[in-house]
Amino acid sequence: MTPNWDDMRVFLAVAREESLSSAGRILKIDPATVGRRIARLEGSLDAQLFTKSQQGYILTTAGERLLDHGLQAEEAMRAAAGAVVGSTESLSGQIRIGAPDGSANYLLPQVCAKISDANPDLDIQILALPRIINLSRREADMAVTVSSPTAGKLLVQKVSDYKLHLVAAQDYLDRHAPIQTVEDLKAHRLIGYIPDMIFDRELDYLNDLGIDRVALASNSVPVQLRQAALGAGICVAHDFTLPFHPNLRRLLTDQVSLTRSFHLVRHQGDQRNERLNRFAQALTRGIRDEVARLEAEAGT
């Protein structure tokens with residue numbers, strides 16, 4: 001028997017969330033109904049799709065095979081919807097963007113607010129995670145990344161370069177020995193990422209500077225910056241974050257200046273979805289403008 005699309009939607013939600021209750025919240029149906037729909041789908045296919053463990057509902061081998069087909073069907077449905085509504089003047093529906101928490105906290109709120117102003121019927125969700133967003137499982141419709149992925153059926157577009165510098169609070173600088181060279185950093189307290197939780201090589205800033213000890217570490221950029229702003233030590237900061245932390249001062253700018261890039265990554269199957277294409281254009285343009293505006297403000 002061919003499964004119906006409604007049951008496939010439930011299956012995809014449980015596969016992503018690994019929980020009946022979480023899937024139910026997304027689908028706006030109760031967990032018991034989610035469970036019944038999964039049971040109905042398994043019955044129609046005569047196959048067990050999930051095993052229940054302490055971690056939640058985990059896909060079986062049969063479930064993994066169905067997932068590939070389900071994602072293809074979902075992409076086809078999205079493309080069809082995009083073709084119908086994409087030609088309208090205003091965007092509507094829901095779009096989810098995944099992003100590292102630095103850009104998610106300091107760039108996307110302003111950018112998405114402007115897009116929302118222009119499209120009042122559009123619901124925009126920002127998924128801020130200090131890790132790579134799993135687009136293959138449809139965690140998001142698109143993702144902002146700090147490196148260009150080389151695997152998977154993805155559309156990748158470079159969005160913007162951005163700059164980073166060493167920073168510290170003026171209060172910290174007043175209380176500690178002067179910092180005139182990179183070598184001087186070894187006598188100071190450094191703030192950075194938890195070494196074994198750096199999810200992208202592009203983020204391993206301190207290692208590139210020969211720093212092998214991080215006294216205060218977090219997997220979150222806002223936490224690192226908050227610690228630096230409180231005078232706890234020195235960290236590497238995106239220039240576009242500095243207008244939000246006016247007491248932070250850039251250090252050794254003539255010796256240490258890093259450049260990284262944002263990329264927008266999308267499902268290859270969405271390339272004909274006019275609705276998502278239009279949103280991606282607005283998002284890309286907005287990020288470029290916001291990076292330029294904030295970096296200019298940081299330099300004044």
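Lys-158 is partly exposed, with a relative accessible area of 45% (buried means under 20%, exposed over 50%, partly exposed in between, using a 1.4 Å probe and protein chains only). Its salt-bridge partner is Asp-161, at 2.9 Å from N to O (a salt bridge is a side-chain nitrogen of Lys or Arg within 4 Å of a carboxyl oxygen of Asp or Glu). Keep in mind that this is a predicted model, where local features need pLDDT of at least 70, side-chain atom pairs count only at pLDDT 80 or more, and totals for chains, interfaces and linings use all residues. Residues are numbered from 1 along each chain as its sequence is written, and side-chain values use heavy atoms, with hydrogens and water left out.

**Salt bridges**

- The count comes to 11 salt bridges.
- Asp-161, the partner of Lys-158, is partly exposed too, at 38% relative accessible area.
- Arg-260 pairs up with Glu-202, with the closest N and O atoms 3.1 Å apart.
- That pair ties together parts that are 58 residues apart in sequence, because Arg-260 sits in strand S11 (residues 258–267) and Glu-202 in the loop between strand S7 (190–192) and helix H8 (205–208) (helices are DSSP runs of H or I with at least four residues, strands are E runs of at least two, numbered from the N terminus).
- Arg-260 counts as buried at 11% relative accessibility, while Glu-202 is partly exposed at 32%.

**The Asp/Arg network**

- Shared partners link Asp-6, Asp-7, Arg-9, Arg-37 and Arg-40 into one salt-bridge network.
- Within it, the side chains of Arg-40 and Asp-7 meet at 2.6 Å, N to O.
- Arg-40 belongs to helix H3 (residues 31–45) and Asp-7 to helix H1 (residues 5–17), so this bridge ties together parts 33 residues apart in sequence.
- Asp-7 is buried at 3% relative accessibility, whereas Arg-40 is partly exposed at 46%.

**The cavity**

- There is one cavity of 30 Å³ or more (a cavity is a set of points on a 1 Å grid over the protein atoms alone where a 1.4 Å probe fits but cannot get out; lining residues have an atom within 4 Å of a point).
- The largest cavity holds about 60 Å³ of space, a volume being the space filled by probe spheres set on the points.
- Its lining has 13 residues, with Pro-100, Gly-102, Tyr-193, Leu-203 and His-238 nearest the centre.
- Helix H5 (residues 101–106) supplies the largest share of that lining, three residues.
- The lining splits into nine nonpolar, three polar and one charged residue (Ala, Val, Leu, Ile, Met, Phe, Trp, Tyr, Cys and Pro count as nonpolar, Asp, Glu, Lys and Arg as charged, and the others, Gly among them, as polar).

Key
1 Å grid on protein atoms, 1.4 Å probe; cavity = no way out; pocket = protein on both sides within 12 Å on 5 of 7 lines; lining within 4 Å.
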